[in-house]
Amino acid sequence: MDHKKHSVLVVDDTSLSIMALTRILNPEYTVYTASNGRDAITAAEQYLPDVILLDVIMPDMDGYAAIAALKNAEKTKDIPIIFITGLSRSGDEEKGLALGAADYITKPFSPVVVKLRVRNQIKILEQVRLIVEKEVVEQNNSARMEFLSRMSHEMLTPMNAIVGLTHLLKATTESGAAKEYLDEMTAASGHLLDLINNLLDISDQKDSVFIPVDSVFSFEVMVQDVLSGINHNVKKKQQRLTFDIASSLPPHLIGDPGRLAQVIKHLLANAIKFTPEDGEIRLSVSVIDEDDETVTLQFEITDNGIGISKEHQNGIFDVFTQVDESMTRKHDGAGLGLSMSKRIIEMMDGKIWVESELGKGSKFIFTCKCKKDKVHIHL
């Protein structure tokens, strides 16, 4: 703990006591002084010290009257006050503590005891401040998530209308140039729709309602659905997208195909986005473990794109974290998808990580556990 950041107000009508306490505390703390109760109140409001050492017997306004005034003032009511006095009767100490003193030291005092008592009060004060700061941050985050959720819901309806009407317009348009513009609109609106859905997912996650929904699904159909959503961008960048699906993979599984497709689609979309034209992207799926009831799959999405430096890999799966501000601004991205992917994969009893080197491409790897569909197996 860096005591230079903290300050102590010493209040005593005896100059020798003030001098002694200043010498004890000054190497570690900033020390302010006052010689009576009224000056103590003024100094406390001006400097807002972390701790006040307060004598009891003083002319004009004694320590008991001073602490009562300090505890009744909004600016100084939370400053811990330690009485340091020659009054040693139990009744005097009880009165001081009843008025709100945090501690009570009798004269003659030990320098070590004074240091420890002050240090203890500052430690308590720091802990309280951390708790308050944490509560403020949590309240701000909660309000932010509520706002994001509300705005995302408001945007979702018109965005779905835009996407749907664009598809209808494409079906009735014959002009090559118009179709190209509509393809651009479809890609842009799809990107925005994914962003809105990611925001909704994050708000659901914050409210602890973000849970997978299991159903029987065809792995091949699920992959084809993912491909239909990204093929346009692959063709546009003239990239090569290949697949390597293990033959041992059961054709039907029980899990959450929507969430699994969401992760695959996001990782493939990232690979497309950060891989140059004529680049290569590969999706590999293998079975790494199985028993009578479940199968554990491992997915690898590999590209020969821009890659990710070691320093940016640590927090890549954190909410709102972007790999590199200049790169994500150039290629679009809000740092939401990887965080959501990690959350989804962990709910499927899996894990996700990245292997990459700047300038040499990336490989995103994740595992997930699905149940076997015994009905289809025995058909």
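Which residues is Ile264 in contact with, leaving aside its neighbours within four places in sequence? In this predicted model, the partners of Ile264 are Met222, Val226, Leu283, Phe299 and Phe366, where contact means heavy atoms within 4.5 Å. Residues are numbered from 1 along each chain as its sequence is written, and side-chain values use heavy atoms, with hydrogens and water left out. As the model is a predicted one, local features need pLDDT of at least 70 and side-chain atom pairs count only at pLDDT 80 or more, while totals for chains, interfaces and linings use all residues.

The secondary structure of the protein chain comes to 12 helices and 12 strands; helices (H or I, at least four residues) and strands (E, at least two) are DSSP runs, numbered from the N terminus. Of its 379 residues, 42% count as buried, a label that stands for under 20% relative accessible area, with exposed meaning over 50% and partly exposed in between (1.4 Å probe, protein chains only). The protein chain exposes about 20,800 Å², of which carbon and sulfur atoms supply 53%; accessible areas come from the Shrake-Rupley method with a 1.4 Å probe, and for residues only the protein chains shown count as cover. Among contacts between residues at least 6 apart in sequence, 68% join residues at least 24 apart.

Leu9 is buried because its relative accessible area is 1%. Between Leu9 and Tyr32 the sequence separation is 23 residues, yet C-alpha to C-alpha they are 4.6 Å apart.

Strand 12 is mostly covered, with 8 of its 11 residues buried, and several strands pair with it; pairing requires that DSSP finds at least two bridges between two strands. Strand 10 and strand 12 pair in the antiparallel sense over 10 bridges, and strand 11 does likewise with strand 12 over 5 bridges. Strand 8 (residues 252-255) is joined to strand 12 by 2 bridges, again antiparallel. Phe364 of strand 12 stands opposite Ile301 and is also the bridge partner of Val354, while Lys371 is the bridge partner of Ile254. Strand 11 and strand 12 form a hairpin with 5 residues between them, and Gly359 in the turn has a positive phi of about 85°. In strand 10 (residues 294-303) sits Thr296, which counts as buried because its relative accessibility is 13%. Thr296 is in contact with residues including Val287, Asp289, Thr367 and Lys369.

Charged pairs complete the picture. The structure holds 15 salt bridges, each a side-chain nitrogen of Lys or Arg within 4 Å of a carboxyl oxygen of Asp or Glu. One of them joins Lys372 and Glu290, at 2.8 Å from N to O. Lys372 lies in strand 12 and Glu290 in strand 9, so this pair ties together parts that are 82 residues apart in sequence. Lys372 counts as buried at 17% relative accessibility, whereas Glu290, at 45%, counts as partly exposed. In another salt bridge, Lys342 and Glu346 have their closest N and O atoms 2.6 Å apart. These two are separated by about one helical turn because they are 4 residues apart in helix 11. Elsewhere, salt bridges that share partners join Asp12, Asp55 and Lys107 into one network.
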